[in-house]
Amino acid sequence: MQTDAVVLDVDGVLVDVADSYRRAVVESVDRVYGRTVPVETLQAFKDAGGFNNDWELTYAVALYVLARREGLKMPPEEFAAHIAERGGGLDAAQSVVADMPSISQARVRDKWDTERLHEVFQALYLGSDRYREFEGGDPPFETEGYINDEPVILTEETISALTSRFDVGVVTGRPSAEADVALDRVGLHLDGDHRFTMDDWEEGKPHPKALMTLAERFEAETVTFVGDTLDDVRTAVNAAESDPSRTYHGVGVLTGGLTGEEGRQKYESAGAAAVVDSVNDLPALLEP
C-alpha cells in the first residue's frame, strides 16, 4: 500500500489501554452506582460509534445501569445495538432511554451525575498526583492511577521505520496532557501542528476534519490512518468522501478491543483498506 503520510491513533495502537481507560469506565460506574457492566461489553458500545470520548462512554454505561435499576430488561449488547441504530454516541444513548416507557425517566435523570462520574474516572485513571496536576484540585480519593498500567505497543524500530519514510501525525480522543504522557512513554515526538487531541477540535472521530487538516499540513496526496476502532476506519472513509482530491486509507489494528477473525471482518465491513495484527506490521505494509 502506497502512502505519503501516516496518522496514528494512540489508544490500542501505541499503548494498550485494556487495564487503564476501559477499566476506569466500568469501575467508575461501579463506584458511583454500586453496579456496572463487564468490561468485555464495552466493545459493543465502541462498535456502535460515537464513543471516541471515554468520559461519554462512561456516562452511557451509567445510563444503562440506571435504566436496569429501574426495570429495564435488556443486555448491554442489545442496548448498544439500539444506540447504533440511532447514529451512535451519548445523545443516541439518551434517546434510547427516553423512549422506554416502562422505566422511570425522572429517577434516571435525577441519579445520572456526569460530573461525579467524570471526577471519579479521572481519579482512577490519572492517580492522585496527576489528578492534582491536570484537574487543578484534590481527587475524591487517593490512588496510583491506571495510566501507569499501559504497556507500550509501538516499538522503537517501527518509529524509526515510519518517521524515516513518511510524515507522521497523531489523531486521538485523549486530552492533550494525557496524550503527552502516552507519546512520551512511547518515545514518539511530533511537532505540535502534527497532532490533534480532544483539546484541538470539537467534532471528534469519525468526523474527518482533523485527518483532512493533517493531510493539508503534510501536503500529502495519500494518507493512511491507523486505529483500533470502527470509528477510526470510518474517519478515513469520511475523509475520502469529503476530500476527493486525496486518497485516504483506514487501517485497523487487532491490539485494541477488536481482535481475531471477527474483528478483522468488522473492520473490513466498515471500509478498512487493510487490517494488521499490530502497528508494528505497518513498515512491511506501506511503501512511499
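Is arginine 116 buried, partly exposed or exposed? Select it first: arginine 116 is partly exposed, with a relative accessible area of 33%, where buried means under 20%, exposed over 50% and partly exposed in between (1.4 Å probe, protein chains only). This is a predicted model, in which local features need pLDDT of at least 70, side-chain atom pairs count only at pLDDT 80 or more, and totals for chains, interfaces and linings use all residues. Residues are numbered from 1 along each chain as its sequence is written, and side-chain values use heavy atoms, with hydrogens and water left out.

Next, select arginine 174 and glutamate 150, which form a salt bridge at 3.1 Å, N to O. Arginine 174 lies in the loop between strand S2 (167-171) and helix H9 (176-186) and glutamate 150 in the loop between H7 and helix H8 (156-165), so the pair ties together parts that are 24 residues apart in sequence. Both residues are buried, and extending the selection to Asp11 and Arg185 shows the network of salt bridges that links them with Glu150 and Arg174.

Finally, go to serine 278, in the loop between strand S6 (274-276) and helix H13 (282-285), which is buried at 13% relative accessible area.

Definitions and conventions:
Helix = DSSP H or I, 4+ residues; strand = E, 2+ residues; numbered from the N terminus. Salt bridge = Lys/Arg side-chain N within 4 Å of Asp/Glu carboxyl O.
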